[in-house]
Amino acid sequence: MAPSRSKKRRPSFRRLLKTSGVKLDNKLRNRQMKRQNCDKKQRKEHRKMRQALKGAALATPRPLDITAKRPEEEEEEEEEDFLESLPTDMMDDNDLQQMSSFLSRDLSSCGPAHSGKKRKSEVVPGYEKIPRKMAAVAEKEVVHLLPIKDRTRLIPQSMHREVNKQPEEEEDEEEEEEAAAATQEVEMGAAELIDGTTALTPAQQQEARMRKIQDRKLTIARLASTVIANPVNNVKCVKQLRGMLMEADPCVAVTVRKLAMVSLMEIFKDIVPTYKIRPLTAAEKAAKVKKETQQLREFEEGLLSQYKFYLEDLEQCIRDWKQKKSKRSQAVSLERYSGLAGVAVRCLCELLLALPHFNFHNNILVALAPLMNDPVKTVSDMCCRTFSELFHQDKVGGTSLAAVRVISGLVKSLNFNVRPQVLRTLLSVRIQEALVKKDMKDMTPSVKAMRHKDKKNNLSRMQRKWKKAEEKLQQELLEAEASDSKDKKMKMHTETLNIVFLVYFRILKKAHKSVLLPAVLEGLANFAHLINLEFFDDLLNVLQSLIQSGDLTDRERLHCIQTVFTILSGQGDVLNMDPLNFYSELYAMLPRLHAGTSDDDILIVLRCLDAMLIRRRKRVSLQRAMAFIKRLSGLSLHVQTHASIGLLAATRAALHSFPRCDFLLDNEVQGSGVYLAELPQPEHCNAHNTALWELHTLQRHFHPVVRQLAVHLSRGAPSEGGAVLPLELSRRSPVQLFADYDVKGMTFNPPVAPPRHKKKEVFRVDRSLLDSDLQQLVDDTLRSGEEAELDFSTTRKH
């Protein structure tokens, strides 16, 4: 009978391989655990050894000659005296090795070599046996000597030496303390300079102050770089920087505070996110979130609180300066507080421009708006320039709306007693550009969305599928743009414009004789095309009464005329009226403009001519157009170069708009009457009986562009031929040419060619350069002089 086979199944090779892998992992893990345990035991032993050595080093060594000698010690001394007389040659190598190990260990405890093996309970009696120091006993130092070898052991030797301890020991720690104390004394001395308690030379005072400033600079730089490197984890360093805003050292208080203000401003400009931080609700705070989300929330909360405290510090600095409070004059005098407040104002302006989307933006607007009317010109100009840049860079309109509201409240609260520059900042509002773009979009035909029924009837199944995918893609693209809707943008622009016109109309009604009237008229001229039709009649009557009153300057009258014709050339085109009085006013004002006045008046004239003659050419008579062309050609003789170029370009545009005015280029008389240049009415001056003789004079002008335009106009302003203008002149408007050839930058356009370097002619005595007869005469004269003998004696006697 065959033996019974074992029912246990043999493991396969794969299972054996897997089992071996598990065993290897277990062995490796056990080996690592043993290694960790060994390392832990070694660390414990090292720790105990360090504590024992530290306690032994701090313990006072037991002197040998103070206590009474025991009989055993007396026998040992006798043996030592006997061994000292022996020669040292009796020591072998093992003895020397024991001596070296003895010398290398710590001997401060005066104990045997294996004293560490004693039990812990035996340590206390050893310490108890050490005698106490008495006040009368002089302090002695134990000096260890070479040991003596006995038959069984090594006997240590030591002697006592009195120590003359000096009051100031030169140790490393004490040196550091003395250096720190010296630095503190220098700083205290510099701080006491104001009180006069110490007498330092000016050079020492300046050196101490520069040393302090350099230390503060390094601290600010270190903290700022730490925050910039990792804002999420190091936002607490901002609090330390804010603490430097309260520097109390009078020597460096102003400088350190200024540096801290500017550094914090740059830090916030770098680490502030591109969105507005919203406060969390109670439910959001109670909900569980990820670790990264919680860390981000803590960073946003800390950043917002530090930013708020920083703005409060800046506002408090400005408020103390305006109110001239003396509570901070302990560190900073009131005379030097103005510079500190100026830096605070600049920081607020920079934050207003750099972070218009972030929290507390409206608070900065409210803080800076009163400073626009500050009596200090530098501060007011800085704030006005900041508001102008804010209006210019705002494309959506929300920031501009908030700023316009603040300015309107400021003008109303001060009862119109503000600087004109405050109202001129409203000229930078970008309402006009946004509405122009919107009008251009409205002029383009809009694509209407197809209904489902139209798609089913007109498109195939595949076309409907593609149409649906295209509409979905367009929707996703609009969402990705993240831009505000047109209705929202239009609503904000309309509200902003209403507030601006409310300020202007309020001044025209209640303070039309104030210094703000020029700024109001300039603003009306800028936004006149946006005024509603219901205000046209009242506004035209007000402007006409202002012109007829005679209280306005030429520039203010030009602004009134520009406002009127901007209204009539835009939405006011539907009004059936002829503003003849305004034409006559501008015609009479042109001769008073010359090279001695501001060039900005010529710029306003060019804009008025564009609205009066070019845009309203169908409502302007031929006599009026010829009168203006004749007066413009005469005005171009006595103005500056760029103004002359602009006026000639306006004359060219008028000749193109009124082709029948070309008979002004002939000398023949076209009708009865004589040209009356002094008559203020352009309709009755008989301009058709004169000629544009000024163009011949301008053809000899020193500027090449003026000469080119004069030649072009004298030949009838042709569009082709030899006298045609180049494209860079013909395609530009008069206003653009006026700006391009402006000489305010002290540059001549086109640039003047440098003079050519001519070589100096070298005259040589040569026959080729002289006439033949003259050369013969010169040769005879020279030859006769050489042959003649000079008698100096006769000359002396004579």
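This is a predicted model: local features need pLDDT of at least 70, side-chain atom pairs count only at pLDDT 80 or more; totals for chains, interfaces and linings use all residues.
Residues are numbered from 1 along each chain as its sequence is written, and side-chain values use heavy atoms, without hydrogens or water. Local features need pLDDT of at least 70 and side-chain atom pairs pLDDT 80 or more, while totals for chains, interfaces and linings use all residues.

Let's start with helix 10 (residues 291–323), which packs against helix 11 at an angle of about 140°, with the axes 9 Å apart. Helices here are DSSP runs of H or I with at least four residues, numbered from the N terminus. Axes are lines fitted to C-alpha atoms over the stretch in contact, and angles run from 0 to 180 degrees between N-to-C directions.

Next comes the largest nonpolar core, with 163 residues, where Met261, Tyr310 and Leu368 touch the most other members. Such a core joins buried Ala, Val, Leu, Ile, Met, Phe, Trp, Tyr and Cys residues through side-chain atoms within 4.5 Å. Helix 11 (residues 337–354) gives the largest share, 12 residues. Beyond four places in sequence, Leu368 contacts Val345, Leu348, Cys349, Leu352, Cys383 and Phe387.

Finally, look at His559 in helix 22 (residues 554–569). His559 counts as buried because its relative accessibility is 4%, where buried means under 20% relative accessible area (1.4 Å probe, protein chains only). Not counting residues up to four places away in sequence, His559 touches Pro518, Leu521, Glu522, Ala525 and Ile604.

Key
Helices (H or I, at least four residues) and strands (E, at least two) are DSSP runs, numbered from the N terminus. Buried means under 20% relative accessible area, exposed over 50%, partly exposed in between (1.4 Å probe, protein chains only). Contact means heavy atoms within 4.5 Å.
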